[in-house]
Amino acid sequence: AVFIELIEHPVINELCGYVLGRQFLLSSAVGGSYRGPEPTPQPLHRDQGFVPASAPFPAVLNVFFILDDFYAENGGAALPHQLV
């Protein structure tokens, strides 16, 4: 029930409608469990790979709810200034 509430939250609905258009379709809802930093970062990729990169519209929008603190030290993504 908690995850349905997140998906149906008015702010999320507004954001998705703004980016994708009012008639957007929820294609999946995935939950994940984080077990610690990985030695190799995930390669750069596009989640809308089925749409050409030159398409003049967004086809996919990912929304994340981070339930715990998220820092580079515990495996969160490094900020750009931390990469140099």
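Buried here means under 20% relative accessible area, exposed means over 50%, and partly exposed is anything in between (1.4 Å probe, protein chains only). This is a predicted model, where local features need pLDDT of at least 70, side-chain atom pairs count only at pLDDT 80 or more, and totals for chains, interfaces and linings use all residues. Numbering runs from 1 along each chain as its sequence is written, and side-chain values use heavy atoms, with hydrogens and water left out.

**View 1. Glu-14 and Arg-22 join up in a salt bridge.** The gap is 3.0 Å, N to O; a salt bridge is a side-chain nitrogen of Lys or Arg within 4 Å of a carboxyl oxygen of Asp or Glu. Searching the whole structure turns up 1 of these. Arg-22 is exposed at 51% relative accessible area, while Glu-14 is partly exposed at 46%.

**View 2. Helix α2 has a buried side and an exposed face.** Helices are DSSP runs (H or I, at least four residues), numbered from the N terminus. Ile-12, Cys-16 and Gly-17 are the buried residues of α2. They sit on the same side of the helix, because they cover an arc of only 130° around the axis, taken from the directions from the helix axis to the C-beta atoms. These buried residues pack against α1 (2–7), with contact meaning heavy atoms within 4.5 Å. Turned away from them is a face with the exposed Pro-10, Val-11 and Tyr-18.

**View 3. Gly-21 comes after α2.** Its phi is positive, near 100°.

Technical notes: Helices (H or I, at least four residues) and strands (E, at least two) are DSSP runs, numbered from the N terminus.
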